[in-house]
Amino acid sequence: MQLENKFTIEAPIEKAWVALNTPDMIAPCFPGATLTEYEGESFSGTVKVKLGPISLTYKGKGTYVDRDDANHTVKIEASGRDSRGNGTANATVTGTMVADGPNKTAVTMVTDMTITGRPAQFGRGVISDVADKIIGQFAACVAKKLSPEVEAPAESAPAPVAEAPAGTNGTASAGPALSSTPASSGVTATAPAARQFTPMKSEIDAIDLLDTAGSPVLKRLAPVLGGGALLFLIVLLIRRARA
């Protein structure tokens with residue numbers, strides 16, 4: 001199925017463009033999402049979905065496959081699988097940004113999606129309603145992050161790295177300074193260990209379909225619940241007749 005969502009971010013287009021291309025900035029804005037890894041053009045994580053007592057956690061990965069800085073268009077391919085084997089999800093998302101004034105950016109997201117398993121039973125209508133609400137929450141969160149009032153340059157700076165001793169050309173070492181080791185000693189300088197990525201989680205724990213879609217989900221569940229109640233009643237009557 002194909003979904004199209006449009007929203008406006010209260011921020012200049014250049015700032016919004018940078019945010020859309022920075023997973024560790026926008027991932028926490030997506031309800032139920034946790035970004036577990038991000039390197040180069042690829043990222044991976046989980047998305048949690050709830051349907052009453054039923055909980056599904058999709059684990060997957062995504063890749064930026066195309067990016068047009070001049071026209072502010074980006075294409076992302078993503079896929080995921082429920083950790084319990086209850087379904088899969090694959091999507092190709094194309095995002096386009098257009099300046100809507102000096103401090104506003106209009107965003108259009110076109111998603112080609114394929115879903116299997118339990119969520120697929122709700123059909124396009126319910127999924128579209130859910131997507132609209134999720135996108136609304138996502139846009140509001142991104143706008144808040146880009147708001148000048150909450151910018152904090154110190155927090156956006158790279159993680160501090162241990163200062164290297166003088167004369168080491170900026171290379172940190174847990175032992176003596178490299179400059180104090182004779183060149184003929186055979187000691188080879190090694191690059192500092194890569195900074196460990198800290199998973200980033202959304203403030204909203206999961207996408208709650210009952211809360212997000214409301215009555216459409218209940219209407220689709222009604223026949224199932226009604227059939228279950230009828231079956232239970234028949235079994236009960238049979239047992240009483242035998243007794």
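A contact here means two residues with heavy atoms within 4.5 Å of each other. With that in hand, take the contacts between residues at least 6 apart in sequence: 56% of them join residues at least 24 apart. Keep in mind that this is a predicted model.

As for the overall make-up, the protein has six helices and nine strands. It runs to 243 residues, and 29% of them count as buried. Its accessible surface is about 15200 Å², with 56% of that belonging to carbon and sulfur atoms.

Now for the aromatic rings, where the count comes to two pairs:

| Pair | Centre to centre | Angle between planes | Geometry |
|---|---|---|---|
| Phe7 and Phe138 | 6.3 Å | 90° | edge-to-face |
| Phe43 and Tyr64 | 5.9 Å | 65° | edge-to-face |

The Phe7–Phe138 pair links distant parts of the chain, with Phe7 in strand E1 (residues 2-9) and Phe138 in helix H3 (residues 123-146), 131 residues apart. Phe7 counts as buried at 12% relative accessibility, and Phe138 does too, at 11%.

In the other pair, Phe43 lies in strand E3 (residues 42-51) and Tyr64 in strand E4 (residues 54-68), so parts 21 residues apart in sequence are tied together. Tyr64 is buried, its relative accessible area being 7%.

Key:
Residues are numbered from 1 along each chain as its sequence is written. This is a predicted model: local features need pLDDT of at least 70, side-chain atom pairs count only at pLDDT 80 or more; totals for chains, interfaces and linings use all residues. Side-chain values use heavy atoms; hydrogens and water are left out. Helices (H or I, at least four residues) and strands (E, at least two) are DSSP runs, numbered from the N terminus. Buried means under 20% relative accessible area, exposed over 50%, partly exposed in between (1.4 Å probe, protein chains only). Accessible areas come from the Shrake-Rupley method with a 1.4 Å probe; for residues, only the protein chains shown count as cover. Rings of Phe, Tyr and Trp (its six-membered ring) pair if their centres lie within 6.5 Å; planes under 30 degrees apart count as stacked, over 60 as edge-to-face and the rest as tilted.
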